[in-house]
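This briefing walks through one protein chain, topic by topic. Keep the structure open while reading.

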Amino acid sequence: MASFSFGDGNARKLLAIPLYAAARVITAVVPRSADEWVFGCAVGIADGALAVWDEAHAAGARAVWLVDGPDQAREAARRGIPAVRKTSLRGFWRTARARVVIVTHGFGDVNRYAVSGAFIAQLWHGIPLKRIGIDSPATVRSSILPSSRLVRAGLAAMYRSATRRITLLPAASHLVRGRLESAFSLPDSRVRVLGEPRVDVLSRGTADERRTRARARIVDLTGADADAALILYAPTWRDGDLDPAIPSATEWTAIEQTLAARDAVLLVRSHPLGAGEYRPSAPSGRIRMLGSDVVNDVTPLLPGLDLLVTDYSSLAFDASLVPLPVVFFAPDVDTYAEQRGFYGTYRDVAGDDWATTWTETLAQIEATLLDPTERLTRSRTLDARVHAYRDGRNAQRVYRAIVDSIDPKAGRERSGEDTE
């Protein structure tokens, strides 16, 4: 499994400063078009970027997707989406000319050197529980002179300079808005409660339709028994460190026994940037891998599940929209809180009974499969706290907010239509 850390990523950024400087000169003199859009997403043709793409495409926007490699290019072609390699000269040019740039993770979703001067919509990719951006010590960590305060201060200044280019950052609710304003060092005028486009799929159609569609997709991807209870285990990223929850051989055996007793299948989705292998000690039909190499965006699959097991992942907030019962398994809360930190406390989201071992986790899984009522109630309570919209129209609101900003006349005309 590939591993990535902020330290290594920031070291590369420091070494690329001359490239950033040269690109700023170029983008300062290259005029941007009036109406071209570019889209990008670190995980592929997916996430909130795809939801907004659908809105923009339906409205006839001139748009292109910037891809990273042949797999993404093939997926774009399959969907009929025009695509350009983001690191190519064409990728640089299309980004430099675009009026609107849509990203979900960072400027590297498109051509990172050519974003200055565009209307940048940073959609982000989940409601943060763990601290992100400038709120997290990891953001200013570097493998070059790791103990240097000067290097950390320089990285913080670079980060704030970069995030100041963001024009719009949609938030799921006012609670989430405050976290994003702090993390990205943005004024409240740029962080608007419009809902997350990436979760529209969890609100469209009936609950039965969403479950049937998602469950069929899971079975197709993994070969899991359609009649079994489907459990997703999704630990979050630990900045390149080994995940402490990887089961031992004895724990894999216990997991297998519990799954067999409850006619369940465990779908393991380790973080695509994490370190460590989740592989059972013996082949098992009840343990299936559902990593990013199988499906790049797991959010649309949530309605097909019966239970989510996670630690600090934003999937817990997504699951609350379904709603889906959640078991929290966090063996390193104190260490993680010290190194990364949380918005609020972990107890605010996980309650006071999170598991710290696989033995405790399996006991909670069994209890929840027998009676999910209490954990479903927790999910509904969490949903009410963090989501302002559940109408499946978040992408539409974001698209209209962008168009109204770049074309005020269109916004005034639409406002007049809405009041008639």
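At 15% relative accessibility, Trp124 counts as buried, because the cut-off for that class is under 20%. The model is predicted. Its protein chain holds 16 helices and 12 strands. Of the 420 residues in the chain, 53% are buried.

- Trp124 sits in the loop between β5 and α6 (149-163).
- The phi of Trp124 is positive, about 60°, although the residue is not a glycine.
- Asp263 is another non-glycine residue with a positive phi, here about 45°.
- The loop that holds Asp263 runs between α9 (249-261) and β9.
- Asp263 counts as partly exposed, at 34% relative accessibility.
- Val322 and Pro323 are joined by a cis peptide bond, with omega at about -10°.
- Pro323 belongs to the loop between α10 and β12 (326-328).

**The seven-stranded sheet**

- Seven strands form an open sheet in the order β3-β2-β1-β4-β5-β6-β7.
- Their pairing is parallel.
- The edges are β3 (83-85) and β7 (191-193).
- Each edge strand has a single partner, so one side of each is left without a neighbour in the sheet.
- From one strand to the next, the twist averages 25°.
- Strand β4 (residues 100-103) pairs with strand β5 (residues 119-122) over 4 bridges, in the parallel sense.
- Within that pairing, Val103 has Gln122 of β5 as its bridge partner.
- Helix α7 (residues 174-184) lies across β5, β6 (166-171) and β7.
- The helix α7 runs at about 150° to β6.

- Ala229, Ile231 and Tyr233 point one way from β8.
- Leu230, Leu232 and Ala234 point the other way, and both sets are buried.
- β8 runs parallel to strand β9 (residues 264-268), joined by 5 bridges.
- Ile231 has its bridge partner in β9, namely Leu266.
- β8 also runs parallel to strand β11 (residues 307-310), joined by 4 bridges.
- For Leu232, the bridge partner in β11 is Leu308.

**Nonpolar cores**

- In soluble globular proteins, nonpolar side chains tend to be buried together.
- The largest nonpolar core here has 68 residues.
- Val101, Leu180, Phe184, Leu232 and Tyr346 have the most contacts inside this core.
- Helix α10 (residues 315-321) supplies the largest share of the core, 5 residues.
- Leaving out residues up to four places away in sequence, Leu180 touches Trp124, Pro128, Ile132, Leu169, Pro170, Ala171, Ser185 and Val191.
- A second, separate core has 28 residues, including Ala51, Val52, Ala56 and Val67.

**Aromatic rings**

- The whole structure contains 17 aromatic pairs.
- Trp53 is in helix α3 (residues 47-58) and Trp65 is in strand β2 (residues 62-67), so the pair ties together parts that are 12 residues apart in sequence.
- Trp53 is buried, at 5% relative accessible area.
- Trp65 is buried too, at 0% relative accessible area.
- Ring pairs also link a cluster made of Tyr312, Phe328, Tyr336, Phe342, Tyr346 and Trp354.
- Tyr346 of this cluster is also among the residues with the most contacts inside the largest nonpolar core.
- The charged end of Arg397 sits over the ring of Tyr389, at 3.6 Å from the ring centre.

**Contacts across the chain**

- Take contacts between residues at least 6 apart in sequence: 69% of them join residues at least 24 apart.

Technical notes:
Residues are numbered from 1 along each chain as its sequence is written. This is a predicted model: local features need pLDDT of at least 70, side-chain atom pairs count only at pLDDT 80 or more; totals for chains, interfaces and linings use all residues. Side-chain values use heavy atoms; hydrogens and water are left out. Rings of Phe, Tyr and Trp (its six-membered ring) pair if their centres lie within 6.5 Å; planes under 30 degrees apart count as stacked, over 60 as edge-to-face and the rest as tilted. Helices (H or I, at least four residues) and strands (E, at least two) are DSSP runs, numbered from the N terminus. Buried means under 20% relative accessible area, exposed over 50%, partly exposed in between (1.4 Å probe, protein chains only). A charge sits over a ring if NZ of Lys or CZ of Arg is within 6 Å of the ring centre and within 35 degrees of the ring normal. Two strands pair if DSSP finds at least two bridges between them. Axes are lines fitted to C-alpha atoms, for helices over the stretch in contact, and angles run from 0 to 180 degrees between N-to-C directions. Contact means heavy atoms within 4.5 Å. A nonpolar core is a set of buried Ala, Val, Leu, Ile, Met, Phe, Trp, Tyr and Cys residues joined through side-chain atoms within 4.5 Å.
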